[in-house]
Amino acid sequence: MKQSQRLKRPEWDEYFLKMSYLVAERSTCLRHHVGAVIVRDKRILTTGYNGAARNVKDCLELGCLRDEKGIPSGERHEICRAIHAEQNAIIQAGLHGITIADSIIYCTHSPCILCAKMIVNARIKKFVTCGQYADKSFEALFKEAGIEYKKIENSKLSITKLD
């Protein structure tokens with residue numbers, strides 16, 4: 001049997017979700033490395049990862065404020081230095097004049113409620129993830145707003161490398 005006959009190509013959702021993990025490698029957060037990729041018509045529009053605002057010292061350099069104050073994951077988002085991955089991906093679209101309405105966002109984690117609100121107002125139609133963030137309040141908002149939510153099993157995210 002030829003090697004090409006054994007190779008299974010990933011479905012589109014798996015493909016772009018894998019890319020969100022690559023984007024997450026740029027994160028400067030000490031707690032979670034989160035990456036987001038916004039896609040429409042199987043084309044990447046923008047990416048984002050969680051990290052401090054532009055030209056501002058980050059947690060890699062200063063340490064984590066949330067850890068210092070004993071704040072659990074999913075609570076008191078305003079204390080964090082980082083801008084969330086989903087927020088950065090949406091901001092990048094605005095900075096570069098890219099329309100993201102009717103797009104899909106692929107993210108390593110489910111969204112916090114603040115990101116969920118931005119996703120609804122940006123008119124993103126679908127959210128795909130395989131990770132669960134501590135804040136689950138997005139679920140009711142997505143349901144009411146008609147945002148499709150899909151969770152993929154981690155086991156489908158392996159990368160095949162042919163030498």
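## Basis of the description

Buried residues are those under 20% relative accessible area, exposed residues are over 50%, and partly exposed residues lie in between, as computed with a 1.4 Å probe on protein chains only. Helices (H or I, at least four residues) and strands (E, at least two) are DSSP runs, numbered from the N terminus.

The model is predicted, with local features needing pLDDT of at least 70 and side-chain atom pairs counting only at pLDDT 80 or more, while totals for chains, interfaces and linings use all residues. Residues are numbered from 1 along each chain as its sequence is written, and side-chain values use heavy atoms, with hydrogens and water left out.

## Strand 1 and its partners

Strand 1 covers residues 35-40, and five of its six residues are buried, so the strand is largely enclosed by the rest of the structure. Pairing is assigned where DSSP finds at least two bridges between two strands. Strand 1 runs antiparallel to strand 2 (residues 43-49), and six bridges join them. These two strands form a hairpin with two residues between them. In the turn, Asp 41 has a positive phi of about 55°.

Strand 1 also pairs with strand 5 (residues 104-107), in the antiparallel sense and over four bridges. Ile 38 has bridge partners in both of these strands: Thr 46 in strand 2 and Ile 105 in strand 5.

Five strands make up an open sheet in the order 2-1-5-6-7, with mixed pairing. Its edge strands are strand 2 and strand 7 (148-151), each of which pairs on one side only. On average, neighbouring strands of this sheet are turned by 20° against each other, direction ignored. For such angles, axes are lines fitted to C-alpha atoms, for helices over the stretch in contact, and values run from 0 to 180 degrees between N-to-C directions. Strand 5 runs parallel to strand 6 (residues 126-129), joined to it by three bridges. Ile 105 stands opposite Phe 127 in strand 6.

Helix 2 (residues 12-24) lies across strand 1, strand 2, strand 5, strand 6 and strand 7. The helix runs at about 140° to strand 1. Contact is defined as heavy atoms within 4.5 Å.

A disulfide is a pair of cysteine sulfur atoms within 2.5 Å. The structure holds zero disulfides. Cys 112 is in none, its nearest cysteine sulfur being that of Cys 115, 3.7 Å away. At 3.7 Å, the sulfur of Cys 115 is too far from that of Cys 112 for a bond. Cys 112 is buried at 1% relative accessibility, and Cys 115 is buried with a relative accessible area of 0%.

## Pocket and cavity

Rolling a probe the size of a water molecule over the atoms shows where empty space is left. On a 1 Å grid over the protein atoms alone, a cavity is a set of points where a 1.4 Å probe fits but cannot get out, whereas a pocket is an open set with protein on both sides within 12 Å along at least five of seven lines; lining residues have an atom within 4 Å of a point. Grid points are joined across faces, edges and corners, and a volume is the space filled by probe spheres set on the points.

The largest pocket contains about 430 Å³ of space. Its lining comprises 17 residues, with Tyr 49, Ala 52, Ala 53, Arg 54 and Asn 88 nearest the centre. Strand 2, strand 3 (51-52) and helix 5 (85-95) each supply at least two lining residues. Helix 5 gives the largest share, four residues.

One cavity of 30 Å³ or more is present. The largest cavity holds about 220 Å³ of space. Of its 19 lining residues, His 32, Val 34, Asn 50, His 84 and Tyr 133 lie nearest its centre.

Ile 152 lies in the segment after strand 7 and is buried at 7% relative accessibility. Its C-alpha atom is 4.7 Å from that of Cys 130, 22 residues apart along the chain. Leaving aside neighbours within four places in sequence, Ile 152 is in contact with Asp 13, Glu 14, Leu 17, Val 128, Thr 129 and Cys 130.

Ser 73 lies in the loop between helix 4 (65-68) and strand 4 (82-83). With a relative accessible area of 29%, Ser 73 is partly exposed. Ser 73 and His 32 are 41 residues apart in sequence and 9.4 Å apart in space, C-alpha to C-alpha. Beyond neighbours within four places in sequence, Ser 73 is in contact with Arg 31, His 32, Arg 66, Tyr 133 and Ala 134.
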